[in-house]
Amino acid sequence: MANRNVIMLHLLESDTYEFYGSPASLFDKHEANELLIAQTSLNNHFSKQAAQGKELVYRNAYCEIRKSEVYVKPSTRGRKKEA
């Protein structure tokens, strides 16, 4: 079973959802002052939550950011067929 990280951004004001593959890609599109948290602070927050076994969620007055996993079917690309 293959899993990949997914970052879900919920912008509360406009009630829109956006999905990203990493916190770095999230901050390619949004500024830290727009989300009211810096990338390093978000990474630290998720690390602390994971160490405590808690759900990986960051909330403030502007947005909610969740880190989770999405199942990805294993690829057979590049594998040689057995005879």
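**Strand pairing and overall form of the protein chain**

In the predicted model, Leu9 has Ile65 of strand E4 as its bridge partner. This pair belongs to the contact between strand E1, residues 2-11, and strand E4, residues 63-72. The two strands run antiparallel and are joined by 10 bridges.

Strand E4 also pairs with strand E3, which covers residues 57-59. Here the sense is again antiparallel, and three bridges link the strands. Within E4, Arg66 is the bridge partner of Val57. Three residues lie between E3 and E4, and the two strands form a hairpin.

The secondary structure of the protein chain consists of three helices and four strands. Their order along the sequence is β-β-α-α-α-β-β. The radius of gyration of the chain is 16 Å, whereas the globule rule gives 12 Å for 83 residues; the value is well over that figure, so the chain is more spread out than a compact globule. The C-alpha trace spans about 60 × 30 × 20 Å along its principal axes.

Of the 83 residues in the protein chain, 29% are buried. Among contacts with a separation of 6 or more, 43% are made by residues 24 or more positions apart. The chain exposes about 6,200 Å², of which carbon and sulfur atoms supply 48%. Its side chains include 12 positive and 10 negative ones, and the centres of these two sets lie 13 Å apart.

Conventions. Residues are numbered from 1 along each chain as its sequence is written. This is a predicted model: local features need pLDDT of at least 70, side-chain atom pairs count only at pLDDT 80 or more; totals for chains, interfaces and linings use all residues. Side-chain values use heavy atoms; hydrogens and water are left out. The radius of gyration is taken over C-alpha atoms; the globule rule is 2.2 Å times the number of residues to the power 0.38. Buried means under 20% relative accessible area, exposed over 50%, partly exposed in between (1.4 Å probe, protein chains only). Contact means heavy atoms within 4.5 Å. Accessible areas come from the Shrake-Rupley method with a 1.4 Å probe; for residues, only the protein chains shown count as cover. Lys and Arg count as positive and Asp and Glu as negative; His and the chain ends are not counted. The place of a charge is taken as NZ of Lys, CZ of Arg, CG of Asp or CD of Glu. Two strands pair if DSSP finds at least two bridges between them.
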